[in-house]
Amino acid sequence: MPSLSNLSLRTLKWGSTALLAASFCTSAWAQAPREAWHGALTEGYAALATSTANLDQAATTYCATPSAEQREALESAWFSAFDSWQAVRFVDFGPIEQDNLSWQFQFWPDAKNTVARKVNLWLGGEQAIGVDQLRADSVAVKGFPALEYLLFDPQAARTQPLPEKRACELVTAISSLLQHNAAHLQEQWQAFRPHYLGTEQFQNTTVLAAMHGLDILRNKRLAAPMGLEGKPRRNPYIADAWRSEHSLAGIRASLVGLQQYFLPGLRELMVDAEGSELVERLDQQLTATIARLEQQPADMQTLLANDDGYRTLQLIFIEIDKLNQLLSGNIASQLGIIRGFNSSDGD
């Protein structure tokens, strides 16, 4: 028969091992949502890096051998890269915070038409145009809106139309900088992994980022042009991507991004019956809203021009408001998260 002292020692050892195993399991479970989020967003940032590289190549090809076909390919590459950015745009923490990187991808809102003024200064000047020169200038001339102005705005076509030399130099410099920034962001997100997984606070931070992104989408990107937020009048020119008539498509891309890159981690976080049901409702509402946006034959500018179109936008707004209520209301309440001020909210 084992002695009491030996039995107690074995029991103590077993208990310590069990406690360590339980601690490890608890720690692993706590990291599971962040593991899912980091993995999903790794895919999102990789897609952005690939699409901006394709955009850079399309710009170089068009300016080297300009043709209607190459121009169409360049515009298509802009749409694809812009949508890839919209899909990860809700992430407002981590590497994207460095060096105003988010603003370098998309300077918006642009109430004073700064993008057009900055681009026209470059087009009308005599200074050398290149990536190094752009880095020293304002964020307004570094991202998707500046390229959009050069590709789609008639005013740009009147001053220095593509494929004239300075316009092409600016297009290729901007696209090259976008590609560099996307590759850097992808690399830094990978390096951020240990800190992200090891910091429990990032669980709430990620949920809050999705909440803020959806809130901005509803209030600033949709309600404001409709006259439901801010000044009570319809104004398509305060929407993002209005020059390319891609405002609603960009909103759709943002919702697809939430579904692909945010929901996986949320499912890991809300594993009880009530939580799982709420996540399923959010997924279904995302699917329904994305489908409604896909059915729209016209963009916001056209829909705002008449009452029938406006009613279509009202239906879209109702669907997005349901999303906002689910995430910032029911789900946030279930998680005990209170929405606070965020730097991306503007004033």
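Asp-240 and Arg-89 form a salt bridge in this predicted model, with their closest N and O atoms 2.7 Å apart. Asp-240 sits in the loop between helix 10 (201-226) and helix 11 (247-269), while Arg-89 is in the loop between helix 2 and helix 3 (101-105), so the pair ties together parts that are 151 residues apart in sequence.

**Other salt bridges**

- In total, the structure holds 18 salt bridges.
- Arg-218 pairs up with Asp-321, and here the closest N and O atoms are 2.6 Å apart. Arg-218 belongs to helix 10 and Asp-321 to helix 14 (residues 307-335), so this pair links parts that are 103 residues apart in sequence.
- Arg-218 and Asp-321 are both buried.
- A salt bridge within one helix joins Arg-311 and Asp-308, whose closest N and O atoms are 2.3 Å apart. The two are three residues apart in helix 14, so about one helical turn separates them.
- Arg-311 counts as partly exposed because its relative accessibility is 45%; Asp-308, at 51%, counts as exposed because the cut-off for that label is over 50%.
- Back to the opening pair: salt bridges with shared partners join Arg-89, Arg-221 and Asp-240 into one network.

**Overall fold**

- The protein has 14 helices and zero strands, so reading along the sequence gives you α-α-α-α-α-α-α-α-α-α-α-α-α-α.
- Of the 347 residues in the protein, 48% are buried.
- Take the contacts between residues at least 6 apart in sequence: 79% of them join residues at least 24 apart.

**Helix 2**

- Helix 2 covers residues 68-88, which is 21 residues. At 1.5 Å a residue it should span 30 Å, and its end C-alpha atoms are 31 Å apart, which agrees.
- Which residues of helix 2 are buried? They are Leu-74, Ala-77, Trp-78, Ala-81, Phe-82, Ser-84, Trp-85, Gln-86, Ala-87 and Val-88.

**Asp-153**

- Asp-153 is found in the loop between helix 6 (144-152) and helix 7 (154-159).
- Is Asp-153 buried or exposed? With a relative accessible area of 12%, Asp-153 is buried, because the cut-off is under 20%.
- Leaving aside residues up to four places away in sequence, Asp-153 touches Glu-148, Trp-242 and Arg-243.

**Pocket and cavity**

- Rolling a probe the size of a water molecule over the atoms shows where empty space is left.
- The second largest pocket has a volume of about 150 Å³. Its lining is made up of Pro-95, Gln-98, Asp-99, Leu-101, Gln-104, Arg-135, Lys-142, Leu-177, His-180, Asn-181, His-184 and Gln-188.
- Helix 3 and helix 8 (165-191) are the elements that give two or more residues to that pocket's lining. Helix 8 supplies the largest share, with five residues.
- How many cavities of 30 Å³ or more does a search of the whole structure find? It finds one.
- The largest cavity holds about 30 Å³ of space, and its lining residues are Leu-214, Leu-258, Phe-262, Leu-282, Leu-286 and Leu-327.
- Helix 11 and helix 12 (273-294) each provide at least two residues of the largest cavity's lining.

**Confidence in the model**

- The average pLDDT for the protein is 90, and 89% of the residues score at least 70.
- Over residues 1-29 the pLDDT stays under 50, and the model has two contacts beyond four places in sequence for this stretch.
- Residues 341-347 also have a pLDDT below 50. That stretch has 10 contacts in the model beyond near neighbours in sequence.

Terms used:
Residues numbered from 1 in each chain as written. Predicted model: local features only at pLDDT ≥ 70, side-chain atom pairs only at ≥ 80, totals over all residues. Heavy atoms only, no water. Helix = DSSP H or I, 4+ residues; strand = E, 2+ residues; numbered from the N terminus. Expected span 1.5 Å × (residues − 1). Buried < 20%, exposed > 50% of the residue type's maximum accessible area, 1.4 Å probe, protein only. Salt bridge = Lys/Arg side-chain N within 4 Å of Asp/Glu carboxyl O. pLDDT = per-residue confidence, 0-100. Contact = heavy atoms within 4.5 Å. 1 Å grid on protein atoms, 1.4 Å probe; cavity = no way out; pocket = protein on both sides within 12 Å on 5 of 7 lines; lining within 4 Å. Points joined across faces, edges and corners; volume = space filled by probe spheres on them.
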